[in-house]
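Please keep the sequence and the structure at hand while reading.

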Protein chains: 2
Amino acid sequence: MQHDQIRPPRGPADPQRRERIITATVDVLLAHGMEGLTHRAVAHRAGVPLGSTTYYFATLDELRHAALQRVVGAYTGYMHAWATELGQPTAVELAEAMTELVCLAIDDFTEHVIVDHELSVASMRQPRLKELACLYSSTTVAVLETLTTPVKARALAAAMDGLSLLGLTSPEPLPRAYVETVFRAILTPDAPNGPDAPHADADTEAP
Amino acid sequence: MQHDQIRPPRGPADPQRRERIITATVDVLLAHGMEGLTHRAVAHRAGVPLGSTTYYFATLDELRHAALQRVVGAYTGYMHAWATELGQPTAVELAEAMTELVCLAIDDFTEHVIVDHELSVASMRQPRLKELACLYSSTTVAVLETLTTPVKARALAAAMDGLSLLGLTSPEPLPRAYVETVFRAILTPDAPNGPDAPHADADTEAP
DNA sequence: CGGATATGTGTACCACAGTACAGATAAGCG
DNA sequence: CGCTTATCTGTACTGTGGTACACATATCCG
């Protein structure tokens with residue numbers, strides 16, 4: 001406190017250490033979920049001493065929050081890019097794209113989606129997580145609203161969450177046709193499709 | 001082992017003790033979630049000594065499983081009764097009934113629904129819970145299939161899960177109109193409703 | 001009624017994990 | 001080059017919680 005120092009008193013030896021800790025935290029979350037997130041697991045993963053994790057983040061809550069922020073950020077970024085690439089799809093195209101999206105999420109981004117759901121559920125009992133969970137859910141609706149009408153966007157968003165939940169819950173993989181019929185039911189009027197008569201391959205029993 | 005005893009060697013002093021422990025476990029789950037489920041909390045709640053909880057259930061997993069079974073059972077029972085009472089609704093009636101159902105779930109059965117979601121999410125990392133989580137999700141679809149076409153039933157089920165997730169996640173209560181438009185989007189063809197032009201009051205921003 | 005056996009419980013052990021903090025280390029300055 | 005000060009880390013403390021298990025208690029049979 002001598003010279004009214006304004007700049008940070010000293011630069012840290014490894015300026016990326018904080019970042020690496022967050023990254024490691026995300027990795028631990030993906031691998032073991034909220035339940036498995038511990039200071040020690042993060043420290044091990046990041047290759048830093050245990051003390052570092054509490055040095056850069058006062059409490060485990062803070063650390064978790066920082067990591068979840070990054071996860072949600074990845075989601076919002078991904079979704080915006082996805083929508084941009086889609087342009088102005090027709091109803092059928094959108095149904096197809098959403099099917100692709102959900103199947104990809106379940107198959108290739110399993111851990112990410114699981115963490116997203118864990119965040120949502122955790123936010124139900126921990127108000128401190130509400131904000132992030134809301135950002136997540138509102139992003140979906142906001143992005144879909146650029147592709148269809150507001151009402152359908154809501155329905156699609158809800159269905160998307162429900163389907164990914166189902167896909168990750170059921171032991172067998174969710175049939176692609178199953179997913180697609182749901183989105184078509186929302187996006188295309190009954191008439192063109194036949195009054196709901198299911199496609200031959202779309203009638204697989206719900207797992 | 002003297003007389004080849006076949007009947008259970010002796011009746012327990014309090015034959016309802018086991019049941020009371022399960023009930024207490026459910027209560028703890030409702031109040032504090034999976035995270036907060038501990039032997040001690042259950043014992044306290046049930047008014048039994050700590051040892052009892054491990055006496056009747058070898059492990060915490062077992063206890064949790066028994067309690068979740070009861071929660072899911074309550075859900076399936078409720079849903080079947082709900083569908084029975086509905087009879088053969090029109091599309092509009094069904095949309096209304098589902099709106100009522102979701103709003104009621106969020107407002108009056110909050111803790112129950114939260115536990116349901118906790119079960120679903122937990123089952124993603126714990127295969128031992130898959131079976132129960134599946135029973136839960138498949139019940140919804142099965143019940144709805146008695147009220148509408150299979151494809152719409154799936155869409156409704158997915159949307160229902162997504163909406164309750166959203167309702168429990170968002171800080172402000174989910175507007176009733178918001179919920180209803182989603183179900184109407186699935187259940188009623190575009191034409192009669194106007195091509196998706198939202199109702200005046202149904203356009204509340206997503207929370 | 002007394003002993004044998006099933007039934008139930010209080011206590012203690014152990015592992016895990018969040019966090020505090022005394023010290024170690026390194027950077028700047030005179 | 002040594003002192004001061006900020007930066008970092010190893011270790012230890014503490015609370016929590018699952019589970020084991022030695023004892024207590026109750027039932028039944030002879």
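In this predicted model, L129(B) counts as buried, because its relative accessibility of 5% is under the 20% limit. L129(B) belongs to the loop that runs between helix 6 (110-123) and helix 7 (130-145) of chain B.

**Surroundings of L129(B)**
- Once residues up to four places away in sequence are set aside, L129(B) touches H65(B), L68(B), L119(B), A122(B) and S123(B).
- R64(B) is 65 residues from L129(B) along the chain, and the C-alpha atoms of the two are separated by 9.8 Å.

**A97(B) in helix 5**
- A97(B), which is found in helix 5 (residues 91-108) of chain B, counts as buried at 13% relative accessibility.
- Apart from its neighbours within four places in sequence, A97(B) is in contact with W82(B) and L86(B).
- From A97(B) to E180(B) the C-alpha to C-alpha distance is 9.3 Å, while the two residues are 83 residues apart in sequence.

**Helices 8 and 9 of chain A**
- The axes of helix 8 (residues 150-169) of chain A and helix 9 (residues 176-187) of chain A come within 10 Å and cross at roughly 165°; with an angle over 145 degrees, the two helices are therefore roughly antiparallel to each other.
- The crossing of helix 8 of chain A and helix 9 of chain A is right-handed.
- In their contact, helix 8 of chain A contributes residues including K152(A), A155(A) and L163(A), and helix 9 of chain A contributes residues including Y178(A), F183(A) and I186(A).
- The residues of this contact between helix 8 and helix 9 of chain A comprise twelve nonpolar, no polar and one charged.

Key:
Residues are numbered from 1 along each chain as its sequence is written. Chains are lettered from A and ligands numbered from 1 in the order in which they are written. This is a predicted model: local features need pLDDT of at least 70, side-chain atom pairs count only at pLDDT 80 or more; totals for chains, interfaces and linings use all residues. Side-chain values use heavy atoms; hydrogens and water are left out. Axes are lines fitted to C-alpha atoms, for helices over the stretch in contact, and angles run from 0 to 180 degrees between N-to-C directions. Helices (H or I, at least four residues) and strands (E, at least two) are DSSP runs, numbered from the N terminus. Angles under 35 degrees count as roughly parallel, over 145 as roughly antiparallel, 65 to 115 as roughly perpendicular and the rest as oblique. A crossing is left-handed if the near helix is turned anticlockwise from the far one by less than a right angle, and right-handed if clockwise. Contact means heavy atoms within 4.5 Å. Ala, Val, Leu, Ile, Met, Phe, Trp, Tyr, Cys and Pro count as nonpolar, Asp, Glu, Lys and Arg as charged, and the others, Gly among them, as polar. Buried means under 20% relative accessible area, exposed over 50%, partly exposed in between (1.4 Å probe, protein chains only).
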